[in-house]
Amino acid sequence: MSSPLLNLPGAIALGDRTIAAHYGSPLPEQRSLESGRAIVDLSDQAIVTVSGADRLSWLHSFTSQHLLGLQPGESVETLLLDPNGRIQQAIRLVDDGETAWLTVDAAAGDGLMNFLMRMRFALRVEVTNVTEEYAAIGAFDTVEASEGAVGQLRQLGSAAVEWRDPWASLQRGGVQYARGDHPGERWSFVQFIFPRTELARISALVDADEISVAGTMALDPLEIRAWRPNFASEVDERAIPHEFDWLRTAVHLNKGCYRGQETVAKVHNLGHPPRRLVMLHLDGSAGELPAAGALVYRAGESAADDARPVGRITRAANHYEWGPIALALVKRGIPEDAGLEVRLEDSGETIAANPEVIVPADAGATANIPKLKRI
């Protein structure tokens with residue numbers, strides 16, 4: 001369903017997406033979004049509701065976060081893993097006291113709905129796909145802009161719920177692999193779920209210059225700089241939570257059994273994640289950003305005939321202050337201070353990349369069990 005905000009002047013959509021990537025000025029839009037003065041249209045996300053007396057205990061039993069006793073309005077994120085601990089869904093969840101509202105990326109909606117319908121058994125739960133009736137709008141709730149976009153959205157008075165992203169701090173039961181100060185500590189993203197009919201009203205407010213709007217190209221670089229993983233961009237068929245430092249907000253290590261829990265516990269206590277997320281500061285002289293999937297090599301090695309990549313780009317963007325930056329998944333064994341470079345797929349040219357450690361090479365193995373001497 002195409003969003004009414006896509007009809008605003010300057011709106012540009014990429015590919016088959018039904019929301020705007022930008023409205024003509026990606027960098028100013030980015031600055032406006034981060035400062036709390038603009039909204040971002042996320043109405044292509046899938047929204048599923050779960051109602052019934054058993055809803056929280058049911059969702060608690062097979063996802064990674066602790067949901068028992070969740071208070072009305074309390075926001076969490078939780079992961080649905082396969083039996084081997086690989087990420088199948090990243091779910092944004094808020095409960096209003098009667099209904100749990102779950103949002104996932106657009107392409108993941110049918111998969112989540114199908115899984116939940118298969119898992120109902122005889123429990124008192126009712127699962128409904130409400131994507132056609134409701135839509136998500138996001139904004140940053142900054143101290144400097146308390147009367148900004150978030151305040152204006154609240155004044156509409158028609159949001160069903162609002163989900164506050166927990167990425168700003170280590171959540172109860174979680175663990176953080178990143179060292180030192182975390183760039184996500186000031187992350188204040190809020191996602192409102194409105195009746196879809198309200199999008200026309202919001203669009204009219206933008207058209208009347210009563211509220212500013214930014215495209216999704218404004219949100220991507222802000223997420224990259226905050227080391228914020230995104231299911232649609234970072235997750236592949238092999239991904240486990242440890243590789244993204246997702247244990248800090250989406251996994252409760254002491255909640256008991258759920259799908260994939262054994263892998264989560266083993267990697268955290270006894271092993272190491274096979275890959276680790278890094279942020280790359282890219283050389284911008286080439287004037288081109290690497291595409292998602294572009295291969296990453298050790299510095300100076302990409303030109304060799306037998307060169308072997310050490311990772312891949314998950315997404316790259318131009319940040320209004322930091323310039324070209326990217327997130328990449330690299331092999332755990334690559335030294336943290338190793339210089340890297342990215343090969344552009346179309347031209348074959350390389351871009352120098354200076355890595356910033358997100359997940360350290362020694363992440364995991366927290367049980368610190370000494371190795372046995374072997375003959």
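This is a predicted model: local features need pLDDT of at least 70, side-chain atom pairs count only at pLDDT 80 or more; totals for chains, interfaces and linings use all residues.

1. The partner of D105 is R92, and their side chains form a salt bridge with an N to O distance of 4.0 Å. R92 sits in strand 4 and D105 in the loop between strand 5 and helix 3, so this contact ties together parts 13 residues apart in sequence. R92 is buried too, at 14% relative accessible area.

2. Do have a look at R315, which is buried with a relative accessible area of 5%. R315 makes a salt bridge with E223, the closest N and O atoms lying 2.7 Å apart. That pair joins strand 13 to helix 6 across 92 residues. E223 is buried at 11%.

3. R315 also forms a salt bridge with D220, again with 2.7 Å between the closest N and O atoms. Here the two residues are 95 apart, in strand 13 and helix 6. D220 is partly exposed, at 29% relative accessibility.

4. On to the largest pocket, with a volume of about 1,200 Å³. Of its 49 lining residues, those closest to the centre include D220 and R17. Strand 13 gives the largest share of the lining, seven residues. By class, the lining has 27 nonpolar, ten polar and twelve charged residues.

5. Finally, the salt bridges come to 20 in total. One network links D141, R154, E162 and R164.

Key
Residues are numbered from 1 along each chain as its sequence is written. Side-chain values use heavy atoms; hydrogens and water are left out. On a 1 Å grid over the protein atoms alone, a cavity is a set of points where a 1.4 Å probe fits but cannot get out, and a pocket is an open set with protein on both sides within 12 Å along at least five of seven lines; lining residues have an atom within 4 Å of a point. Grid points are joined across faces, edges and corners, and a volume is the space filled by probe spheres set on the points. Helices (H or I, at least four residues) and strands (E, at least two) are DSSP runs, numbered from the N terminus. Ala, Val, Leu, Ile, Met, Phe, Trp, Tyr, Cys and Pro count as nonpolar, Asp, Glu, Lys and Arg as charged, and the others, Gly among them, as polar. Buried means under 20% relative accessible area, exposed over 50%, partly exposed in between (1.4 Å probe, protein chains only).
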